[in-house]
Amino acid sequence: MATIQLQKNSKSKSHLIIITDKWKTHIDYALTKEEVGYLDAYFKDSDKKSIVFNSCGRVISVMMVDLKKEIHLLDEACRKHGCATADAVNAIKGTDIAVFNSTKKASLSYAVSEGAALANYQFLHHKPSAKKTQNSLKTITIIGGNYNPKTISHLNITTEATCKARDLVNEPVNILNATDLADAFHKMGKEAGFKVEIYNKKKIVELKMGGLLSVNAGSVDEPTFTIMEYKPKKAKNKKPFVLIGKGVTYDTGGLSLKPTANSMDMMKCDMAGGAAVGAAMYAIAKAKLNVHVIGLVPATDNRPGFNAFAPGDIITMMDGSTVEMLNSDAEGRMILADALHFAKRYKPEFAIDIATLTGAAVAAIGTSGIVSMGNISKKYSDKLKASGNNVFERLAEFPFWDDYSELMKSDIADQKNIGGPYAGSITAGKFLEKFTDYPYYHLDIAGPAFITAKDSYRAKGGTGTGVRLFFDFFNSLS
Ligand code: BES
Ligand code: MN
Ligand code: ZN
């Protein structure tokens with residue numbers, strides 16, 4: 001972990017990030033004459049491009065910004081520049097970066113630092129031999145007086161929480177099953193100060209969570225249902241906000257078995273929604289935001305073991321409705337449905353679920369954003385979309401028309417768990433909506449939750465998508 005901090009003046013000759021819209025040599029960044037000469041020439045000749053270079057062991061980077069651009073695009077460019085600089089610093093075993101910003105936009109300094117801090121993440125739990133490649137970057141210091149210490153503290157908290165979510169997603173199912181996931185949430189609750197209650201299989205049977213139990217039927221590991229609650233004394237909301245995360249610790253597809261290559265081999269990521277909810281709770285509690293939030297994570301693996309639910313089975317869900325289960329690979333909605341029904345007892349202001357739910361979402365928009373839909377008020381959905389832009393986990397909102405519910409009707413049960421060949425992400429969302437009686441929003445993160453190659457500060461593997469989004473959203477409501 002690299003820590004972001006504030007300082008009025010720079011002292012050391014740390015590695016350097018300069019953010020500017022106009023290269024000026026008169027600002028003293030403790031550059032040598034040669035370095036100034038080099039940069040003067042560079043910015044004279046080239047078309048004002050950003051640069052990262054190594055000057056005799058010191059990384060010097062200049063982020064050239066075009067202030068006419070939208071701020072969320074500039075912020076994102078800065079995050080990427082922060083990542084490029086952090087990578088260069090780590091490559092030469094550097095430990096400190098100082099950030100100077102000659103523009104009046106404080107957010108650019110935050111973004112560049114955030115990008116560097118997020119880029120510093122590594123998943124080396126199972127590779128102790130990789131000591132040599134361990135990142136060395138420790139501190140990122142923003143120099144200057146016009147910064148908000150609270151924002152810095154929030155950045156450190158969300159970076160840490162995002163990395164916690166990435167860790168959980170990157171752990172394979174032989175290390176992290178449903179019980180381990182629930183235990184991890186318990187630990188996070190203790191650390192950050194929120195309540196965690198874990199239901200075991202006995203309790204889940206008592207509650208008749210038929211959807212969760214049906215997916216778990218082919219597994220030897222027991223399911224869990226985790227309830228997290230953060231309730232500060234001065235919460236702004238009277239009715240709680242509820243977050244629900246899909247916690248499929250591994251998705252083989254069940255009897256509707258997935259092919260291995262490029263499909264099943266990534267499916268340890270299928271609890272990324274659950275990880276995002278746990279990590280968001282962690283960040284919200286650690287930052288003591290004034291919001292009452294409840295997090296629910298139903299968890300199990302999806303396997304084709306002996307009693308595995310078979311295509312054609314009719315399942316009675318916790319709410320008493322029935323589902324003709326025609327494809328065991330559409331398992332996420334089965335476990336989320338019970339959690340959405342469970343959430344009714346809180347009479348929430350709204351509930352948002354987050355899930356690696358459909359390949360259709362990936363087919364539609366790839367890994368660049370989150371497929372979203374729902375029926376919450378415009379006030380909330382606008383705020384959530386604004387947060388998506390702020391943290392660059394953008395929401396692509398799909399229609400949520402009732403027409404799509406028709407596609408989920410079954411002749412012999414209340415619903416089927418698959419729709420037709422089209423609009424697969426929306427039919428999944430409409431299926432879920434049936435289990436709610438409160439304002440509801442759905443986030444399908446099948447694309448961005450897990451990536452097979454590094455994408456700047458989004459590490460290869462689990463990305464922690466959703467954590468920064470939820471934090472920014474609830475911070476705006478607190
Ligand atoms: N976990 C998968 C969705 C997924 C796909 C996540 C790619 C991450 C990357 C989900 O459980 C699934 O298998 N969905 C099926 C639903 C279908 C059978 C209706 C799908 O999208 O193919
Ligand atoms: Mn599946
Ligand atoms: Zn799945």
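Start with the charged side chains: the structure holds 20 salt bridges, each a side-chain nitrogen of Lys or Arg within 4 Å of a carboxyl oxygen of Asp or Glu. This is a predicted model, in which local features need pLDDT of at least 70, side-chain atom pairs count only at pLDDT 80 or more, and totals for chains, interfaces and linings use all residues. Residues are numbered from 1 along each chain as its sequence is written, chains are lettered from A and ligands numbered from 1 in the order in which they are written, and side-chain values use heavy atoms, with hydrogens and water left out.

Stop 1: Select Arg468 and Glu393. Their closest N and O atoms are 3.5 Å apart, in a salt bridge. Arg468 sits in helix H14 (residues 467-477) and Glu393 in the loop between helix H11 (378-390) and strand S16 (395-397), so the pair ties together parts that are 75 residues apart in sequence. Helices (H or I, at least four residues) and strands (E, at least two) are DSSP runs, numbered from the N terminus.

**Stop 2: two domains.** Colour 3-147 as domain 1 and 157-477 as domain 2. These bounds come from an automatic or database domain assignment. The C-alpha centres of the two domains lie 36 Å apart.

**Stop 3: the interface.** Here 16 residues of domain 1 are in contact with 18 residues of domain 2 (heavy atoms within 4.5 Å). Together the domains bury about 1600 Å², 59% of it on carbon and sulfur atoms. Buried area is the accessible area (1.4 Å probe) that two parts lose on being put together, summed over both. Now select His72, Leu118 and Tyr121: in domain 1 they lose the most area to domain 2, together 40% of what that side buries.

**Stop 4: charges across the interface.** The rule finds two salt bridges between domain 1 and domain 2. Show Lys454 and Asp87, whose side chains meet in a salt bridge (3.1 Å, N to O). On the domain 1 side, helix H2 (71-91) and helix H3 (106-119) each give two or more residues. H2 gives the most, with seven residues.
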